[in-house]
Amino acid sequence: MDRAHSEPAETSGDQVRAIQAIRHDLRTPVNHIVGYSEMLIEEAADSEETERSVALREVVAAGRAMLAQINDWLATLNPDAPDFPALQRRLAPLIAAVAHTCERLAHEAHAAGDESVTADLRTILAAATHLGAVAAGTATGGGETTGASPTAPPERALVTPRDATILLVDDNALNRDMLARRLNRLGYAVIPAVDGREALTLLRTHPIDLVLLDLLMPELDGFGVLQEFKADLRLRHVPVIVLSALDEIESVVRAIELGADDYMPRPFDPVLLRARIGACLFKRRMREVEGDFLRRIEEERRRADDLLHRIIPLGVALAVEKDFDQLLERIVVEAQELCRADGGTLYLRTDDQKLRFVIVRNRSLNIAMGGASGKDIPFPPLRLYDEESGAPLFNYVVTHAALEGTTINIADAYHAEGYDFSGTRDFDARTGYRTTSLLNVPLKDGFGRVIGVLQLLNAQDEHGNVVPFDAVAAQMLESLGALAANALSAYAREQQLRQEIADLRIEIDEQKRQREVAEITGSAYFGELQERARALRKGLPDPASRGARGVGEEARGPERREFVVNGQRIVARVQGPERGRLLLLIHGWSSSWYALSPLLPYLSDRFRCVAVDLPGYGESPPLAERASIPAYADLLAGLIRQLSPGLPAVLVGHSMGGMTSITLALRHPALVERMVLLCPTISGKLSAWINWFISPITMLERWRLAGGIVARLEPYMLSVTDRLMRPASFAERSGITEADYHRLRADARRPGQGRVRAECFWAMRANDLRGKLSSLSVPALVIWGMEDNTVPLRDASTISDEWPAVSLQVLPKAGHWPQFETPKATRKYVRNFLGTPIKLLKAAQQP
């Protein structure tokens, strides 16, 4: 037990502390005598050792008589001059009787080979001997009798809990052993602690159901443990029963005031201890049940408030919403808020029996597509029926919900059976996300027809942990879905009515329109247009362009030109009118001007297109200093000033060329009118494909000897290069031609470029643009391939986060080279962007 005696709540002087110390030292060995004897009686009853039980009951009776004599002596104690001889005379016969009985029983147990009983009897004998020494005034210290008994029982190990886990805090090894054995017999698991510090550590690291706490201990006593214990919100719900040889009313009151649930003085009655432990554990379980019940009530109240104050008003708001995109977006956003969902997708059913993506939202990934975001959704619609057999397709969970018209709640998509989640897994693999819980609610109109599906994913609890959607959330979302379906149906009916009115007006005005058309077709201007069309069909030069080009002049391909900027020679391909607006095309890492050649024929009719070979690439000699992105940007700024003095240029950059374009716009904003960026590098960190397979080869080429070895092995490495380059750079269903692929591969492996490739590899990392994009004021179009494994889509997320004014388009069936893989779609977006007046583009950027 304890050696450092703690002060009571109200200090009463040295005499009180002296009395407490004497009481503690006397009662502790008595507690051992009674406690171990009672345990041996219980074990003897199990083995029907009636003779031993009778003798041990005599020992228990003697121990209780000792306790009575000690209490009588303490009642008249003078702490300044304690009368120990009188106490010794009272206790000597009782101690002798206990010693005699224990010696006899220990001898018999040893002869019978029962060493555990022998050890317990010797422990009782040692306690009696120690009590005699204390009573004679020849021993001090808190009754640690183990030192007097070489056979003191070892510390008991933790048993497997059948009922509860109890933390036993006592500095006396015999007290811990005796009580742990008794608790084990009752079916409890016991974790021992030798002092208050260890007790607090165990409380914070182990699941404890109840604490049995001694008061007088070294370092941190029981009162100190109670103070720290109840101040910790994580621990204060664990009940505490105080066990101590102190039985003054002041100690009891102080322990209860500090948060103890109960108090028992030593030696304690085993039946009473068991009852009080059971009562404390029962009260704790009732508090836990009450807490769970209150949390459920609060959650139900919140749901009811949401239904009353959010869903019903939301239904009214949806019914009057006139902006269709806003209507769609509000349905998803409100559903996410109601169910604490991280993501949401809205599908609408089309006339050709498909589910079309109309809204996609994900908070963790900062994804917002469709609706008011203005960003197209690149995912194809989902078929509801097989094209050939007409059988319903239940393989996707959303199509199943639409076909059956029932809500489908999935706790974990990765463990759900019967559905195809390959697309979900692919999305997670590319974005680092983890789709877990899914809730799919069909949207039914007033006739019960399914017009769409609302899907939510990854419900979150109040701590942000992903949890399954509960039944209440499903019911609330079904209510919201019914209101949303009615709003969508009303909007569709209104638009249909408007269209019918418009058709009626068209029919009424048809004769007037015919007269106007006749006037137009009979004009001289229309005749001129017809003449130009006939000339173009026959392959003749456009009559309207003869004055500009000269008769018989035909369009030519790109012309090789050389420019010198600040002493640096730059080789480029030039195409388009000499006086046209300058359009500078900047290729990416390990490439040349050919990377952007598919755009030249379609942009050179309006712009003077200059596709450069960056220094060190293609035919341009390397820089005198180490290659860096800012150095490239400043050099191209000088080229713009030389070719377009006083007028800003249009930039088209691919990959590293996109990073160079953005850097140029940041460093020289007055020189850039607008930008088109194809799969631009933002963070400077390329994909794992590049880091693992391609960059080591590039690093070897920095040195002349290693570069020569790589060059000699090149003819034998083409198949390996193909296996590495194709998945890293191109989509699985890429539309690139073999001729273009082989030209790009030749540029990527051009001899002599090893040093500049290695320098640029690290230069991109050093030029991380994250955190800088928000300061850009130049209008820009960004096109990304959905299957880009060179500059992955995480950089596109950065653009979406930091540069919201930019127009971001993600193309399916395209990898890192959309200008080659999906040329029509790429050209369409580029021409539309370049054809938009700059004032409109800048106006669209305004908040």
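**Strand 18**

I looked up which way the residues of strand 18 point: Ala649, Leu651 and Gly653 go one way, Val650, Val652 and His654 go the other way, and all are buried. Buried means under 20% relative accessible area, exposed means over 50%, and partly exposed lies in between, with a 1.4 Å probe and protein chains only. Strands are DSSP runs of E with at least two residues, helices are runs of H or I with at least four, and both are numbered from the N terminus. I noted that 6 of the 6 residues of strand 18 (residues 649–654) are buried, so the strand is largely enclosed by the rest of the structure.

This is a predicted model, in which local features need pLDDT of at least 70 and side-chain atom pairs count only at pLDDT 80 or more, while totals for chains, interfaces and linings use all residues. Residues are numbered from 1 along each chain as its sequence is written, and side-chain values use heavy atoms, with hydrogens and water left out.

**Neighbours of strand 18**

I then looked up the pairing, where two strands pair if DSSP finds at least two bridges between them. Strand 16 (residues 581–586) runs parallel to strand 18 and is joined to it by 4 bridges. Strand 19 (residues 672–678) also runs parallel to strand 18, with 6 bridges between them. What stands opposite Val650 in these strands? I found Leu583 opposite Val650, and in strand 19 the bridge partner of Val650 is Arg674.

Arg674 is buried, with a relative accessible area of 5%. Arg674 forms a salt bridge with Glu673, the closest N and O atoms being 2.8 Å apart. A salt bridge here is a side-chain nitrogen of Lys or Arg within 4 Å of a carboxyl oxygen of Asp or Glu. Glu673 is buried as well, at 15% relative accessible area.

**Two serines with positive phi**

I checked Ser655, which lies in the loop between strand 18 and helix 19 (656–667). Ser655 has a positive phi of about 60° although it is not a glycine. At 6% relative accessibility, Ser655 counts as buried.

Ser590 sits in the loop between strand 16 and helix 17 (600–603). The phi of Ser590 is near 55°, again a positive value in a residue other than glycine. Is Ser590 buried or exposed? It counts as buried, at 11% relative accessibility.

**Salt bridges**

How many salt bridges does the structure hold? I noted 30.

I looked at Arg340 and Glu462, whose side chains meet in a salt bridge (3.9 Å, N to O). Arg340 lies in the loop between helix 10 (324–339) and strand 6 (341–349) and Glu462 in the loop between strand 12 (450–460) and strand 13 (466–467), so the pair ties together parts that are 122 residues apart in sequence. Arg340 is partly exposed at 30% relative accessible area, whereas Glu462 counts as exposed at 59%.

I also looked at Glu619 and Arg560, which form a salt bridge with their closest N and O atoms 2.8 Å apart. Glu619 lies in the loop between strand 17 (607–612) and helix 18 (629–643) and Arg560 in strand 14 (residues 559–565), so this pair ties together parts that are 59 residues apart in sequence. Both belong to a network of salt bridges that links Arg560, Glu562, Arg569, Arg573 and Glu619.

**Lys375**

I found Lys375 in the loop between strand 8 (367–370) and strand 9 (382–383). Lys375 is buried yet has no salt bridge, and the nearest side chain of opposite charge, Asp801, is 7.5 Å away. For charge, Lys and Arg count as positive and Asp and Glu as negative, while His and the chain ends are not counted. The side chain of Lys375 does make a polar contact with the side chain of Ser800 (3.1 Å). A polar contact is a pair of N or O atoms within 3.5 Å; within protein, one must be able to donate a hydrogen and the other to accept it, and residues adjacent in sequence count only if both atoms are side-chain atoms.

**Helix 11**

In helix 11 (residues 397–404) I noted Val397, Val398, Thr399, Ala401 and Ala402 as buried. Just after helix 11, Gly405 takes a positive phi of about 70°.

**Whole chain**

I noted 27 helices and 21 strands in the protein chain. Buried residues make up 49% of its 847 residues.
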